Amino acid sequence: MMSRSYTNLLDLAAGNFAALGPAGGGRRRSGSFGARRMPRVMTVPGTLSELDDEEDERAATSSVASDVPSSAVCERLIVVANQLPVVARRRPDGRGWVFSWDDDSLLLRLRDGVPDDMEVLFIGTLRADVPAAEQDEVSQTLIDGFRCAPVFLPPDLYDRFYQNFCKGYLWPLFHYMLPFASGPPPKDAPSRGGRFDRASWEAYVLANKHFFEKVVEVINPEDDYVWVHDYHLMALPTFLRRRFNRLRLGFFLHSPFPSSEIYRSLPVREEILRTMLNCDLIGFHTFDYARHFLSCCSRMLGIEYQSKRGYIGLDYFGRTVGIKIMPVGIHMGQLQSVLRLPDMQRKVAELRQQFEGKTVLLGMDDMDIFKGINLKLLAFEYMLRMHPKWQGRAVLVQIVNPARGKGKDIDFIRAEIQDSCERINREFGNSGYSPTVFIVH
């Protein structure tokens, strides 16, 4: 009998994706999602044992072919995320691609935290539209030169997976903004503000299945560690645990996890909790986020956690799932190395001269409705009005990263920020002084 830890989600993934249309199809890998029953897991102390279909499971795991050979001595970490830490650009003549590391990617910094003898392989999508005829060549180039395995999703599927479900449902919900209402969704933001769209959830699961198939292509399940990142891939652990029962699997959530009162408004709340619990280790930024997750598991699944000497664990179908607090910090070594560059020293000197005698407040945020950039500007405006002594002395430099989502709300907040900057500079600025400096990174 298939373990209930993943049966509901796999029923959905193996179902008829009629709502997804032709783009929701995709290759079906032989042996990945057949009718064969998966081995059961004993819920008794000791080594996990398989009770049936042992030969079938051994054949399935041993038949996995890898395009990326793993060293027999060194262990390997497979990092799976929505996007690769790689920048792809078309060549000027339009023939082929040029790739480079994305120095701003947080995933790239993960390599600094693993042993020097451990290989790191990245799996994710590219921020570029690669034609189908070039995908094999691009994949081989990234594997050979960057140890990256790209996942190519059909554009329509990616839009429904990322814009509709990830940015339309999960991102607002995890930031305590309920995205559901009685009216229909806005035309250019299909999910945000409207009823829950089951087709968007199906697209999310199907996209996670594409990531799973890429992992299967490269994994050595006996030796590799797999580390899944963020809310885009919360369905992936279910597929991996079903195929590789003893896989060492971790997950880290880069966003907040809401309280149970907010999270329970998500119609697929139990499915997401169960698929996360298919990991061996789940990481959160803060203890509050972990506490909210544990509360949801208790109130919605009836699973209680145990805490002993700082270790938090959940017993889930015979496995112990560890919960760990792992806040992301700042890589000071990288900052110091950049500041020592000759060009950077010249730029620092220019900035010192530009803001000489001024008190500079620096903000750097994503263009997002939850970052509160305009509230920061309003507070700065209020300070200048209530404390005139700071007029001509204080400067707010606001750097904004490009928006990751799209829709009317992003356009509105961008226009709102621009209006606030212009109003503050018009009221408090002069020919030699601009209170706000707005930079789009």
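What follows is a question-and-answer walk through one predicted model.

Q: Before we start, what should I keep in mind about the model and the numbering?
A: It's a predicted model, so local features need pLDDT of at least 70 and side-chain atom pairs count only at pLDDT 80 or more, while totals for chains, interfaces and linings use all residues. Residues are numbered from 1 along each chain as its sequence is written, and side-chain values use heavy atoms, with hydrogens and water left out.

Q: How many helices and strands does the chain have?
A: Start with what gets counted: helices (H or I, at least four residues) and strands (E, at least two) are DSSP runs, numbered from the N terminus. Here that gives 14 helices and 14 strands.

Q: What share of the residues is buried?
A: Buried means under 20% relative accessible area, exposed over 50%, and partly exposed in between (1.4 Å probe, protein chains only). In this chain of 441 residues, 46% are buried. The accessible surface (Shrake-Rupley method, 1.4 Å probe; for residues, only the protein chains shown count as cover) comes to about 22600 Å², and carbon and sulfur atoms hold 52% of that.

Q: Among contacts between residues at least 6 apart in sequence, what share joins residues at least 24 apart?
A: A contact means heavy atoms within 4.5 Å. For this chain the share is 73%.

Q: In what order do the strands of the open sheet run?
A: The rule for pairing is that DSSP must find at least two bridges between two strands. This open sheet has nine strands in the order 5-4-1-6-7-8-11-10-9, and the pairing is mixed. At the edges sit strand 5 (148-150) and strand 9 (305-308), each pairing on one side only. Neighbouring strands are turned by 20° against each other on average, direction ignored; the axes are lines fitted to C-alpha atoms (for helices over the stretch in contact), and angles run from 0 to 180 degrees between N-to-C directions.

Q: Which strands does strand 1 pair with?
A: Take its two partners in turn. Strand 1 runs parallel to strand 4, with six bridges between them; leucine 77, for instance, has valine 120 in strand 4 as its bridge partner. Strand 6 (residues 224-229) also pairs with strand 1 in the parallel sense, over five bridges, and there arginine 76 stands opposite aspartate 224. Strand 1 is mostly covered too, with seven of its eight residues buried.

Q: How do side chains sit along a strand?
A: In a regular strand they alternate between the two faces of the sheet.

Q: How many bridges join strand 7 to strand 8?
A: Three, and these strands, residues 248-252 and 281-284, run parallel.

Q: Where do glutamate 119 and arginine 147 lie?
A: Their side chains meet in a salt bridge of 3.0 Å, N to O. Glutamate 119 belongs to strand 4 (residues 119-125) and arginine 147 to the loop between helix 4 (135-146) and strand 5, so this pair links parts 28 residues apart in sequence. Glutamate 119 has 22% relative accessibility, which counts as partly exposed, and arginine 147 falls in that class at 27%.

Q: Is aspartate 102 buried or exposed?
A: Aspartate 102 is buried, at 13% relative accessible area. Find it in the loop between strand 3 (97-101) and helix 3 (106-109). Its side chain makes a polar contact of 2.7 Å with that of arginine 127. A polar contact is a pair of N or O atoms within 3.5 Å; within protein, one must be able to donate a hydrogen and the other to accept it, and residues adjacent in sequence count only if both atoms are side-chain atoms. Leaving out residues up to four places away in sequence, aspartate 102 touches Pro85, Val86, Val87, Leu108 and Arg127.

Key. Salt bridge = Lys/Arg side-chain N within 4 Å of Asp/Glu carboxyl O.
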